Amino acid sequence: MEVDFFLSSIVIKVDSMKNEVLCIGLMSGTSADGVDAALVRIKGTGMDMEIHLEGFISTTYETTFRNELLRLAKGDSGGSRDLSRMNFRLGEEMKDAVSILLEKTHTKKEDIDFIGSHGHTFFHEPEKTDYFGKRISSTFQLGESAVLAEAFSCPVVSDFRVSDIAAGGQGAPLVPYTEFLLYGKRGKDYALQNIGGIGNITYIGKNFELEDVFAFDTGPGNMIIDGLMRFFSNGKIAFDDDGALARKGCINFSLLDYLMDDEYLRKPIPKTTGREYYGEEYLEKLIKKAKGMKKEDIIATVTEFTALSIKYAVEHFFPEIPEILVVSGGGASNGFLMERIKKNLSSVDVRKNVFADAKEAMAFAILANERMHDRTNNAVNSTGARHPVVMGKVVLG
């Protein structure tokens, strides 16, 4: 297992301090790279909160395991045996990530108050569909929380999305609640863009309250780039490191026009998407369309598509252009992609989030903290839910 690790002394001061907890946030994103784990010290709740990131690691899934995870996450029917096994196997991956994080930060497991785990999304269908005589929406995350609760003898909060879905929401995006706690009331118009497998963006106006915050998925983040890199390398290379291959290529504007003629981009908000839309079938069609083109030109064009999908979201769905765009997730480490975002949004101050890859893992520690205090923790204007809900199921350690 490969592990990236850093320690941080960065503190976000929101307001006054209350009872302090030490907790861990876990995330396995749509890119299926591995588990992100953040050790977070939190004082208080809501806007009366101080958040201190004490450490972060990112583990890497072994290749054959990752391939099986991606296979099961295609959205095909059936397969309950393998899904059951994967649920507990992912729980073990997350347990290992927590153990490494505790070792790296010299933290005793007895000091952990609780864990917040998003798990890994295997299916997400927020739009209602007919199923045996009922119109339903659904979402499905795996990564058995009981494995964590048993290993670390503490409560584990997981399965966050389902309460929002039950309340008529899309179950995504979930991070706008935490982003408002971190960036609200700062006197500027902020946009927060995360680029994981899928891109998602949050808009926080300078005078916004929580109920004003809105967010949605912008479209593909790294998913198509990563898929093409695996295709071109026969599975040996999982991503375009720093955009090195894209930088060698030229944008093919005919292919770019094809990509921008995208039904999801035009869809009104609130909206969310995932591997069900930009997954294997999408990739196969794209490869056929780009037949005969140089691989570096294809990667450059798809990278530009990700950048332009962000620009499209800002220009078509925001009340006004934000002053500052803060970028996080794996895409923030793709230098070429960041250059294209800055070029396409030249009037905006585009910055890399100081937490970068740790942002979403931190978010689930914060959401878990709110759940442990029985506080509502969804942003209804972002998910479309009928009312605020307390998200997260708790397994006691």
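## Strand E10 and its partners

Leu192 has Thr202 of E10 as its bridge partner. This is a predicted model, in which local features need pLDDT of at least 70, side-chain atom pairs count only at pLDDT 80 or more, and totals for chains, interfaces and linings use all residues. Residues are numbered from 1 along each chain as its sequence is written, and side-chain values use heavy atoms, with hydrogens and water left out. Helices (H or I, at least four residues) and strands (E, at least two) are DSSP runs numbered from the N terminus, and two strands pair if DSSP finds at least two bridges between them.

Strand E9 (residues 190-195) runs antiparallel to E10, and 6 bridges join them. The two strands form a hairpin with 2 residues between them. E10 is also antiparallel to strand E11 (residues 214-220), again through 6 bridges. In E11, Ala215 is the bridge partner of Thr202. Strand E10 (residues 198-204) is largely enclosed by the rest of the structure, because 7 of its 7 residues are buried; buried means under 20% relative accessible area, exposed over 50%, and partly exposed in between (1.4 Å probe, protein chains only). In a regular strand the side chains alternate between the two faces of the sheet. From E10, Ile198, Asn200, Thr202 and Ile204 point one way, while Gly199, Ile201 and Tyr203 point the other way, and all are buried.

## Nonpolar cores

In soluble globular proteins, nonpolar side chains tend to be buried together. A nonpolar core is defined here as a set of buried Ala, Val, Leu, Ile, Met, Phe, Trp, Tyr and Cys residues joined through side-chain atoms within 4.5 Å. The largest such core has 86 residues, and Val40, Ile224, Leu325 and Ile341 are those with the most contacts inside it. Helix H12 (residues 295-317) gives this core its largest share, 12 residues. A second, separate core has 32 residues, including Leu70, Met86, Val98 and Ile100.

Contact means heavy atoms within 4.5 Å. With neighbours within four places in sequence left aside, Leu325 is in contact with Ala191, Leu192, Gln193, Ile201, Ile341, Leu345, Val348, Asp349, Val350 and Arg351.

Helix H5 is largely enclosed by the rest of the structure, because 8 of its 8 residues are buried. They are Pro176, Tyr177, Thr178, Glu179, Phe180, Leu181, Leu182 and Tyr183. Lys185, whose phi is positive, near 65°, follows H5.

On a 1 Å grid over the protein atoms alone, a cavity is a set of points where a 1.4 Å probe fits but cannot get out, and a pocket is an open set with protein on both sides within 12 Å along at least five of seven lines; lining residues have an atom within 4 Å of a point. Grid points are joined across faces, edges and corners, and a volume is the space filled by probe spheres set on the points. The count comes to 1 cavity of 30 Å³ or more. The largest cavity holds about 80 Å³ of space. Its lining consists of Thr178, Glu179, Leu182, Tyr183, Asn353, Phe355, Lys359, Met362, Ala363 and Ile366. By class, the lining has 6 nonpolar, 2 polar and 2 charged residues, where Ala, Val, Leu, Ile, Met, Phe, Trp, Tyr, Cys and Pro count as nonpolar, Asp, Glu, Lys and Arg as charged, and the others, Gly among them, as polar.

## The second largest pocket

The second largest pocket has a volume of about 510 Å³. It is lined by 19 residues, of which Gly75, Asp76, Ser77, Gly78 and Phe123 are the closest to its centre. At least two lining residues come from each of helix H1 (63-72), helix H2 (80-104), strand E6 (114-131) and strand E7 (134-142). The largest share, 5 residues, comes from E6. The lining divides into 7 nonpolar, 7 polar and 5 charged residues.

## Individual residues

Ile115 belongs to strand E6 and is buried, with a relative accessible area of 0%. Beyond its neighbours within four places in sequence, Ile115 is in contact with Ile24, Leu26, Leu148, Phe152, Cys154, Pro155, Val156 and Val157.

Asp159 lies in the loop between strand E8 (156-158) and helix H4 (161-166). Residues up to four places away in sequence not counted, Asp159 touches Ser117, Gln141, Gly392 and Lys393. The C-alpha atoms of Asp159 and Gln141 are separated by 6.6 Å, with the two residues 18 apart along the chain.
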